[in-house]
Amino acid sequence: MYAFYDYDGEPIYVGQTTEDFATRVGRHLRGQRSDTIAYRILDPLEVADMELYPLEHLREAPTKERNAQVDAVEYSVYVNAIRNSKYQAILNEKIPPVSPS
């Protein structure tokens with residue numbers, strides 16, 4: 001799980017990955033195979049800060065349980081980012097699955 005913020009501290013994007021952070025975040029910031037860049041949602045030059053939420057402890061969990069917990073973390077990060085935004089918005093192309101916080 002990761003979140004990108006702009007130079008004003010406003011949330012830009014929240015995402016999840018099964019890859020290591022360096023691979024996924026690196027693709028976002030270099031513009032390689034990133035739907036958020038292709039849809040012109042994320043400009044890598046606007047990313048000033050990021051938060052990383054490692055969830056390695058879930059790798060061994062059964063798939064259904066793991067997916068539910070990852071979705072819950074992603075939704076919580078997404079809602080919290082919007083709540084703390086002065087614009088009450090984020091640029092994700094889609095809302096993460098609505099889940100319990």
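## Getting to know this chain

From the N terminus on, the elements run β-β-α-α-β-α. Keep in mind that you're working with a predicted model.

**Exercise 1.** Work out how many helices and strands the chain has.

*Solution.* Start with the order of the elements, β-β-α-α-β-α.

**Exercise 2.** Describe the chain as a whole: what share of its residues is buried, and what share of its contacts links residues 24 or more positions apart?

*Solution.* Take burial to begin with: buried residues make up 40% of the 101 residues. Next, look at contacts with a separation of 6 or more; 57% of those are between residues 24 or more positions apart.

**Exercise 3.** Zoom in on helix H1 and find which of its residues are buried.

*Solution.* Go to residues 21-30, where H1 sits. The buried ones there are Phe21, Arg24, Val25, Gly26, Arg27 and His28. While you're at the start of H1, check Asp20: one of its side-chain oxygens comes to within 3.2 Å of the backbone nitrogen of Ala22.

**Exercise 4.** Decide whether Ser85 is buried or exposed, and find what it touches.

*Solution.* Locate Ser85 in the segment after helix H3 (63-83). Its relative accessible area is 2%. Buried means under 20%, so Ser85 counts as buried. Now for its partners: leaving out residues up to four places away in sequence, Ser85 touches Glu10 and Pro11. With Glu10, the side chains make a polar contact of 2.4 Å.

Key: Residues are numbered from 1 along each chain as its sequence is written. This is a predicted model: local features need pLDDT of at least 70, side-chain atom pairs count only at pLDDT 80 or more; totals for chains, interfaces and linings use all residues. Side-chain values use heavy atoms; hydrogens and water are left out. Helices (H or I, at least four residues) and strands (E, at least two) are DSSP runs, numbered from the N terminus. Buried means under 20% relative accessible area, exposed over 50%, partly exposed in between (1.4 Å probe, protein chains only). Contact means heavy atoms within 4.5 Å. A polar contact is a pair of N or O atoms within 3.5 Å; within protein, one must be able to donate a hydrogen and the other to accept it, and residues adjacent in sequence count only if both atoms are side-chain atoms.
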